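Here's a quick briefing on a few local spots in this model. Have a look at the sequence and structure first, then read on.

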Amino acid sequence: MKAEILSKSQQKEFDRPPKFSLVERRMVFEIPDSLRGSLRKLESPTSIVGFTLQYGYFKTSGKFFYVDTFNSEDIEVICKWNKFNINDINWSSYRSVTFYHHQKAILKYFGILPFGKKEKQQLFSEATRLLKKQKRPDILFWILAEYLRSHKIEVPTYYALSSLIQQSVKQLNRHYSETIRDLITKPVKDLLDGLLEKEEESFIYTLTKLKNANETARLRDIRENMKAYLYFKSLFFQIQNLALQLDLSMETIEYHAQFVIKARIFQISRRENKYLMLLCFIMYQYYFLGDLLMETLISTSKAVENSARNVAQTILSENQSTIEQDLEHILTSSEDMAIHITELLKVREDDTMKISEKIRYYEQFVFSRQVSDFVEIIEPIGRIRKKEIKKEPIFYKALEEHSHKLQKRVSQLIRNLDFEISIPILQEADREFKKEAGNISDAFSSKFLTKDEKKNVKNAKSLPALYKILFTRHLVKGIKSGEVSLVHSFQHRPFEHYLIRENWEQNRYDILKDVGLSEKVSWKQVESELLFSLQESFYKTYDSINNPENHYVKAGRKGNRPRFETPSASKAEKQIKEQAKSTFPPENSIPLLEVLNTVNQRVGFTKSFIHWSNRSIPKKPSDMELFAVVMAYGCNIGLDNMAKNTTNINANALDTIANWYCSLENIRKANDRVVEYTEKLKLVELLKKEQQKVHTSSDGQKFYIKTDSIHANYSFKYFGKDKGIVMYSFIDNLHRQFYATAFSAGERESTYVIDGLLHNEIIETEIHSTDTHGYTELVFAITYFLGIDFAPRIAKFEDHQLFSMEGIIVPDLEQYDFNVKEINPQNIEQQWDKILHIVATLKLRHTPASILFKRLSSYSRQNPVYLALRDFGRLVRTNFLLDYMYDHNLRKMVLQQLNKGESANKLAKRIFYGNNGEIKYVSKQEHLQATTCKTLIHNLIVCWNYMYLSKKLVQTTPENRKEFFEHIKNTSPVRWEHFNFYGIFDFSPEALKDALEFSTEDLFDFEME
């Protein structure tokens, strides 16, 4: 029996026509004039009603429906409009020929292709491409349905679409199994089988010992990771030829590898595709450990360098303190001496004194304390001259002293990681370092050193030690700039490896059409549009600034820049928002568990938590068990603590659920389900109508990490000398968080902005805001191609340079001045094809946007692609800044949206209360699980609040509803005072009936033998 892709209820919904309100029916079933001719030719009422229904249903869904699924309410309304007797409608006479002709006419009118043989093959190819990306069948189903709509192809029935997916799955699996069967050699087969056997000495399965990497920077863990990496490296090169023939995507590799990591040995051994799984496991671990070691190299090098800087700064500070003391001594003694010299001069000029008296006075002075004190300043003067130390030599000396500490951690990494280096002189040094196994001499190739470094190595006590740490610094710098890569890696491959490679040159126009970029093929056309838009913005903004009646433009506090004021909320608005608190139930009256359960009864978000294997599992976890896991991660309680402090929940059960059901994809799918349900609420629909655009924003929130995780970093402002991570969330103007991720506190937030904007299955952003940390010129450039208006709140935006192009006339300002620089678009034009290649890669989600952006943002600053994107982004940013200066309402809108993010951050602190908000998790996976579960709880709270407000609105009398709706508009759905996050203490006698009892006599009167 075939496994169903969608649930029975979802299948039924997909194959049934949409339902409409009376007002919607008027718009949906209104036949256009160009089709009325076809309608007049129809003779029977049945044909007219049937044609009208098919037209309306197809118009809204892109698909046709069987007659027996037509909505009776729609039939009645259309009969009424045409003055037909409903009893005259005879669907049995609506023959297949008539049905087909009607469909043909409707398809022709809308310019839609029927789902024929050619279109089926096209969709089959797309399904196979996405399956290679390891898309879940249920998610793939909706993606393909949307693909058909966007490509103007008729959407078929559930059966036709699901059968095509299942055929594609079968064909792909057959391809993998046949390739492995035909190409696997006996040594490789023995190698893979050996992983599933027990070791003779330890009686532990070989595979079990290889599953988990250590994601910390401890020396012991680094060495264990290095040992595991070398083992997987040897395995990888034995299976490499077979892996190349399979042409596995990174997503397929990760999916099957994660199954191996999660599963027990017998679960793997029973699988027909066990060899495919084990091949993926070897590749995944080899790539993952390579990334982990690269991160270790970067973070350890940075930590050691920071330590050297601190040592140098301490020496300089101590030296400065000594110098200040010596100077004080010199100045005091000199001042005293000057006073006494002045007296001596007076004695010399005193004619009333005898020579003998003067001599006696001079002799007394020579033997005085002032002279001996003055003579002593020679020593501090010498010290000052010797201690005139420059910062650079001290720093390089400190680096030399720290070299051994660094090499203990990274020398073996550098020797065994196969870097791909684009800088010849650094490549030469890398070869020599590996050849000498890290034991380099004074003759080490030092051409890679900078001029300052060459000058400072001359004074080194141990030249090899300084060479080693400087070589490591250059490697790390190269990794960050993209000039040093690791081919067998997820995160650090050469940039070109991340771009789509489906014959870009030959299929360029088709790919660009598929991703909606056909109008951006020509740079000249884009340049013309941008030039026109910039010219218009310059004129209107400068005219606005010159207008003396513009009260939002003020004189700057310094310089010749204007200052732009943003209207703030009035006292009345603030008061209304504060009064909204009384709209909700009393404080702490609604347990968090009740929120999860109430929303789940209507949304069914727990249905999104399917088993990792996608197979039918006899016993699915209960809703309560899933709630426990979501709260354990989302409230930062932890699985162990949740199990210890909960009745009726087994610790092993929680671990199993977290392992097999709590994948990121499942949590995000559950989150999407809640957001989608909230979207359908009538109250939310009414509130959406009040919004001009779908305005979203993103903001990061820093959390302290208790463990020594390699994925955490220092942020002195927030953690002092400790490390932390950033939980980065995206929120819309109705307070729903539609995406969240987590990353090191040392990374730029702007790297992750595009990730969230591309996660738009439900909320399609029209305008997006961040604070200063979320913007770069590259973000401006990419959002332009995504059709999103990027509107960040940039600190001191008035001082930022503006850019123009040749042909733009920059008007004069009467009182102020801006720095406007002209950009030469020649490099943009030359790199336009590569820019489109990058954007197409992002829009097709071929590579996670954050990975591509990390490589792109850290690209060599002289790289022509980077420079072209930067310059293009500068032009887009200038257009935004001019609009931002011109429109005070835009500034207010951005401020209000970012304030919603701040409110969400306050709620997040309340949700994430466990362990005082300090994270104990080490792995990146757990950081992401905690972040997404926290986001899910946020959306459950927002959904519950909207449901509660809807209930209150319904309970309001009809004549008072408009007034109460106005009140709701000023009520934030992220209010949390009425929720109880911590549980309830039970002080009833029943709660103590099973309490332990103690005997007073036993406590005070017992004997020891």
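Strand E8 (residues 723-732) is mostly covered, with ten of its ten residues buried. Here, strands (E, at least two residues) and helices (H or I, at least four) are DSSP runs numbered from the N terminus, and buried means under 20% relative accessible area, exposed over 50% and partly exposed in between (1.4 Å probe, protein chains only). Bear in mind that this is a predicted model, where local features need pLDDT of at least 70, side-chain atom pairs count only at pLDDT 80 or more, and totals for chains, interfaces and linings use all residues. Residues are numbered from 1 along each chain as its sequence is written, and side-chain values use heavy atoms, with hydrogens and water left out.

- In a regular strand, side chains alternate between the two faces of the sheet.
- On E8, Lys723, Ile725, Met727, Ser729 and Ile731 point one way, while Gly724, Val726, Tyr728, Phe730 and Asp732 point the other way, and all are buried.
- Strand E6 (residues 695-704) runs antiparallel to E8, joined by nine bridges; two strands pair if DSSP finds at least two bridges between them.
- In that pairing, Lys702 sits opposite Val726 of E8.
- Strand E7 (residues 713-714) is also antiparallel to E8, with two bridges, and Tyr714 stands opposite Lys723.
- Strand E9 (residues 737-744) pairs with E8 in the antiparallel sense over seven bridges; Met727 has Ala742 of E9 as its bridge partner.
- E8 and E9 make a hairpin with four residues between them, and His735 in the turn has a positive phi of about 75°.

**Helix H10**

- Val188, Leu191, Leu192 and Leu195 are the buried residues of helix H10 (residues 186-195).
- They lie on the same side of H10 because they cover an arc of only 90° around the axis, the arc being that of the directions from the helix axis to the C-beta atoms.
- An α-helix has 3.6 residues a turn, so residues three or four places apart point the same way.
- What do the buried residues of H10 pack against? They pack against helix H11 (206-209), helix H12 (219-246) and helix H15 (274-349), where contact means heavy atoms within 4.5 Å.

**Cysteines**

- How many disulfides are there by the distance rule? The count comes to zero, with a disulfide taken as a pair of cysteine sulfur atoms within 2.5 Å.
- For Cys635, the closest cysteine sulfur belongs to Cys933 and is 9.3 Å away, so that's too far for a bond.
- Cys933 is in no disulfide either, and its nearest cysteine sulfur, that of Cys662, is 4.3 Å away.
- Cys635 counts as buried at 0% relative accessibility, and Cys933 is buried with a relative accessible area of 0%.

**Two single residues**

- Thr971 is in the loop between helix H41 (961-969) and strand E14 (979-980), and with a relative accessible area of 7% it's buried.
- The Thr971 side chain reaches the backbone oxygen of His967 at 2.8 Å; a polar contact is a pair of N or O atoms within 3.5 Å, and within protein one must be able to donate a hydrogen and the other to accept it, while residues adjacent in sequence count only if both atoms are side-chain atoms.
- Arg409 belongs to helix H19 (residues 391-416) and is partly exposed, with a relative accessible area of 22%.
- Not counting residues up to four places away in sequence, Arg409 touches Ala217, Leu219, Ile222 and Thr300.
- C-alpha to C-alpha, Arg409 and Leu867 are 36 Å apart in space, and 458 residues apart in sequence.
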